[in-house]
Amino acid sequence: MHLLPWPKRLRPLLLACKDKAFIAKTHALILLTGLFKHGSSNGQLISSYVNIGDIESARKVFNVLPHRGVDAWNAMIIAYSRKEYPIEVLKLYREMILEGVRPDSSTFTVALKACTSLSDLKTGEEIWCRAMDCGYEFDVFVGSSVLNLYAKCGKMVEAIVVFHRMPRKDLVCWTTMISGFAQSGQPIEAVDMYRRMQKEGMEGDWIVMVGLTQACANLGDLKLGLSVHGYLIRRHFPMDVVVQTSLVDMYAKNGDLKLACHVFKKMPYKNVISWGALISGFSQNGFAGNALELLVEMQGCGYRPDSVSLVSALLACSQVGYLKLGKSIHGYIHRRLDFDRVLATAVIDMVSSGISIEMQVLNINKAGYIIDGRTKMGGFERVNGLRRASMESLLHDIPLHERALILMLANY
């Protein structure tokens, strides 16, 4: 038995394991040599099971460990994080604390990532406080994770405090701040942050450019948007669906639909968001016919419209008075999607506008002459009655506490 590999030589052996049978043999070796009781290689044994996708065996090993050190806890926590089980990550983190095991940088980083996935700001701040107490306040990995948590939760004031206190800022930190400001509706701050990053001598990657493109869209700064697009081309960054969709959205929101269509047509792969960005661009810029044609084309290509596409289509119906088509879209929404405030307001706006236009056309075509005041008054009463009935029907589809807000938005 003296020739068997001991702890220092066992780690590379476990790293080399690629199938369950070989890992099981190594596991048996650890048990036979008594290394399992000492726990020196248990974390790596758990990781080996995780690496082949056998999280159940990894958990069985973890559950029977006589001594669970930080390596074993981290191996199991990271395993659940990779499987995207954030609730299990936080459950294990709490158990670890209760057992008196001191977390390290990896523990805090993964636990904060789980809070970000769940948008659990309260738990995230508790973990961040413990991380600072344990001396990880200036750890770049923990700092990046808490920045991401604050940014995803829209807490940019808190994020900037953490950012300024970091002694070393890597590209991930800068990217998080730029994207966070852009997604929180603070495009000026996003652009300022990017310029500060440039002064520090750092160059942005494609993720930074996506955040900057979003900021240009919200600012209405077409010149800067063109510069970002040019930078992407010159640096040969990957022009995947995320980057190209952000460019379509930016050009559409800036009113340059020619460039938006050019980028859209060159996309080798499109998703629902890509279609929605261009449909919204046509609708918002008053090209109702183009928006509706693109919606039909989208369905013809096998894509199921999302709420953004349908809201834009309803706006288009409102602009041109296509009440019948608008009602069909409303029926589709009612059957396939959750009826939220945005959709409800768009439907109400469409119904209101559509009935007015339809009635005007009906008056002109059927009467053939100028209608007197009394007849007009009766017509308007009938229109208003239909409008109220339609709105009352729509309002039954949404919760009672949201109805007043929707009516206010519709009137506005």
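Biologist: Let's start with the aromatic rings. How is a pair of aromatic rings described?

Modeller: A pair is described by the distance between the ring centres and the angle between the ring planes. In this predicted model, the count comes to nine aromatic pairs. One of them joins phenylalanine 163 and tryptophan 174, with centres 5.0 Å apart and planes at 80°, an edge-to-face arrangement.

Biologist: Which helices do phenylalanine 163 and tryptophan 174 belong to?

Modeller: Phenylalanine 163 is in helix α11 (residues 156-165) and tryptophan 174 in helix α12 (residues 171-183); the two are 11 residues apart, and the pair links distant parts of the chain.

Biologist: Are phenylalanine 163 and tryptophan 174 buried or exposed?

Modeller: Both of these residues are buried. Compare that with another pair, phenylalanine 282 and phenylalanine 287. Their ring centres are 6.5 Å apart and their planes meet at 75°, so this pair is edge-to-face. Phenylalanine 282 is buried, at 9% relative accessible area, whereas phenylalanine 287 is partly exposed, at 40%.

Biologist: Which residues do ring pairs link into a cluster?

Modeller: Look at Tyr93, Phe108 and Tyr136, which ring pairs link into a cluster.

Biologist: And charges over rings? Which residue has its charged end over the ring of phenylalanine 163?

Modeller: That is lysine 169, whose charged end is 5.2 Å from the ring centre of phenylalanine 163. There is also arginine 68, which lies over the face of phenylalanine 62 at 4.4 Å from the ring centre.

Biologist: Now to salt bridges. How many salt bridges does the structure hold?

Modeller: The general idea is that side chains of opposite charge can pair when their charged atoms come close. This structure holds four salt bridges. Arginine 68 takes part in one of them, with glutamate 99, and their closest N and O atoms are 2.6 Å apart. Glutamate 99 lies in the loop between α7 (86-98) and α8 (105-118), and arginine 68 in the loop between α5 and α6 (70-82), so the pair ties together parts that are 31 residues apart in sequence. Glutamate 99 is partly exposed, with a relative accessible area of 45%.

Biologist: What is the salt-bridge partner of glutamate 137?

Modeller: Glutamate 137 pairs with arginine 165, at 2.0 Å between the closest N and O atoms. Since glutamate 137 is in the loop between α9 (121-133) and α10 (140-152) and arginine 165 is in helix α11, this pair ties together parts that are 28 residues apart in sequence. Arginine 165 is partly exposed, at 47% relative accessible area.

Biologist: How far apart in helix α16 are aspartate 249 and lysine 253?

Modeller: These two are four residues apart in helix α16 (residues 241-253), so about one helical turn separates them.

Biologist: What about cysteines? How many disulfides does a search of the whole structure find?

Modeller: A disulfide is a covalent bond between the sulfur atoms of two cysteines. The search here finds zero disulfides. Cysteine 173 is buried, at 0% relative accessibility, while cysteine 301 is partly exposed, at 46%.

Biologist: Finally, the surface. Which residues make the nonpolar surface patch of about 250 Å²?

Modeller: Val320, Tyr322 and Leu325 make that patch. Valine 320 lies in helix α20 (residues 307-320) and is partly exposed, at 35% relative accessible area.

Terms used. Residues are numbered from 1 along each chain as its sequence is written. This is a predicted model: local features need pLDDT of at least 70, side-chain atom pairs count only at pLDDT 80 or more; totals for chains, interfaces and linings use all residues. Side-chain values use heavy atoms; hydrogens and water are left out. Rings of Phe, Tyr and Trp (its six-membered ring) pair if their centres lie within 6.5 Å; planes under 30 degrees apart count as stacked, over 60 as edge-to-face and the rest as tilted. Buried means under 20% relative accessible area, exposed over 50%, partly exposed in between (1.4 Å probe, protein chains only). A charge sits over a ring if NZ of Lys or CZ of Arg is within 6 Å of the ring centre and within 35 degrees of the ring normal. Patches are made of residues with over 30% relative accessible area and no salt bridge: like charges are joined within 9 Å, nonpolar side chains (Val, Leu, Ile, Met, Phe, Trp, Tyr) within 5 Å. Accessible areas come from the Shrake-Rupley method with a 1.4 Å probe; for residues, only the protein chains shown count as cover. A salt bridge is a side-chain nitrogen of Lys or Arg within 4 Å of a carboxyl oxygen of Asp or Glu. A disulfide is a pair of cysteine sulfur atoms within 2.5 Å.
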